[in-house]
Amino acid sequence: LKRTLSLTQITFYGLGTILGAGIYVLVGKVADTAGLYAPIAFLIAALLAGLTGLSYAELAARHPKSAGEAVYVEDGLRWRPLSILVGFLIILTGIVSAATIANGFVGYLHVFVAVPDWLAITLLVFLLGGLAAWGIDESVMAATFITLVEVGGLLLILAVAGGSLAELPARLPELIPPPDGIVWQGILLGAFLAFYAFIGFEDMVNVAEEVKEPTRNLPLAILIAIGVSTLLYLLVALVAVLALPPAELAQSRAPLALIWERSTGSSPVVISLISLFAVVNGALIQIVMAARVFYGMSREGWLHAAFGKVHWRTRTPLLSTALVTALVLVLALWLPIVTLAKATSFIILVVFAFINLALVRIKRRAPCPDGIRTYPMWVPAAGFLSTTGFVLFQIAGWLRG
């Protein structure tokens with residue numbers, strides 16, 4: 001693999017997959033669960049992601065390698081089967097997440113043309129698989145351009161529906177949840193779903209071997225991507241619940257298009273087109289990431305050598321990319337979007353628990369390595385407790401259901 005990605009490129013790479021993965025598709029679903037308290041759900045999800053984001057920032061500087069999570073767990077917990085399991089969980093997360101996003105693509109495509117879902121999903125996934133195989137430079141250039149479009153789309157929503165923020169002082173009491181167990185259960189379930197919208201920063205570590213000055217640029221890019229996405233999410237969630245009733249938001253497969261339509265009284269062609277770009281971007285980056293984990297695990301000797309072979313011209317792992325693309329297509333055609341999003345959140349929270357625990361162990365052995373920015377021990381400890389707590393909360397919810 002060749003080191004071609006600058007700080008700007010890797011930041012846009014991460015920001016693109018974070019933004020494309022959730023806010024354009026799931027803001028209505030979060031409002032369905034958390035109601036007017038959807039912004040609180042997004043804030044809880046942001047805090048959860050932020051703690052683990054700091055752990056990733058330190059680990060990325062300590063171990064700038066592809067298959068990052070598997071390498072981190074191997075160094076921290078030193079049990080090879082668990083490291084391989086974590087690697088496969090990350091691959092599964094990328095595949096399921098890309099399938100989720102491909103489903104979200106259909107909702108916005110229907111604004112323009114009534115194409116059968118299966119046909120739209122199949123064409124999209126094959127197109128993205130081909131781009132991912134073409135080359136990392138081409139993939140990241142496309143992702144960077146689309147990320148700029150994504151951010152512009154969210155700013156447009158804030159511009160056209162931002163007038164509702166003027167109502168915030170008067171309606172603020174409505175948005176503060178009471179100390180009621182049932183209400184908070186809905187908020188936490190919403191936060192579990194909203195957490196999906198923050199998935200993406202962990203993908204950045206799996207292209208570490210293609211980043212220039214990875215010990216500096218990769219941690220910084222992770223923190224910038226999380227910070228920018230959190231600010232945009234909170235503003236969009238606030239505008240969404242102030243502009244439309246949560247029940248109405250929940251019924252739409254293209255929630256931002258609905259907000260645009262109600263706020264401007266005009267056809268949501270512009271925002272729907274931007275949303276299509278955003279959704280495509282998230283799926284592309286997930287495919288690139290999952291293929292790189294296959295590659296990295298092969299290079300570590302944990303998988304067959306064929307998965308680590310890089311094509312001489314494209315400098316990409318073609319077999320790994322083809323396998324990921326095929327699996328994304330199967331899941332996208334098989335499962336509905338909310339099921340896919342919840343599965344992704346659950347899997348990644350399990351991985352995050354292992355990552356935080358691994359960093360705790362690593363920091364005990366080597367607290368302050370030379371040239372590496374480190375964080376206090378309470379950061380990975382709090383990350384481990386919070387992610388484990390969310391996993392147990394979701395399991396309890398499934399058992400009750």
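Author: Before the helices, a definition: helices are DSSP runs of H or I with at least four residues, numbered from the N terminus. This is a predicted model, where local features need pLDDT of at least 70, side-chain atom pairs count only at pLDDT 80 or more, and totals for chains, interfaces and linings use all residues. Residues are numbered from 1 along each chain as its sequence is written, and side-chain values use heavy atoms, leaving out hydrogens and water.

Reader: At what angle do helix 3 and helix 16 pack?

Author: Helix 3 (residues 38-62) and helix 16 (residues 378-400) pack at about 135 degrees, with axes 8 Å apart. Axes are lines fitted to C-alpha atoms over the stretch in contact, and angles run from 0 to 180 degrees between N-to-C directions.

Reader: Which residues of helix 3 make the contact?

Author: Ile44, Leu48, Leu51, Thr52, Leu54 and Ser55. Contact means heavy atoms within 4.5 Å. On helix 16, the residues include Trp378, Pro380 and Phe390.

Reader: Other topic. What does Phe42 touch?

Author: Leaving out residues up to four places away in sequence, Phe42 touches Ile23, Val27, Val30, Ala194, Ala197, Phe198, Tyr233, Leu234 and Ala237.

Reader: Where is Arg78?

Author: Arg78 sits in the loop between helix 4 (68-77) and helix 5 (80-109). Its phi is positive, about 55 degrees, although Arg78 is not a glycine.

Reader: Is Arg78 buried or exposed?

Author: Exposed, with a relative accessible area of 56%. Exposed means over 50%, with a 1.4 Å probe and protein chains only.

Reader: And where does Glu213 lie?

Author: Glu213 is in the loop between helix 9 (181-194) and helix 10 (214-243). Glu213 has a positive phi of about 45 degrees.

Definitions and conventions: Helices (H or I, at least four residues) and strands (E, at least two) are DSSP runs, numbered from the N terminus. Buried means under 20% relative accessible area, exposed over 50%, partly exposed in between (1.4 Å probe, protein chains only).
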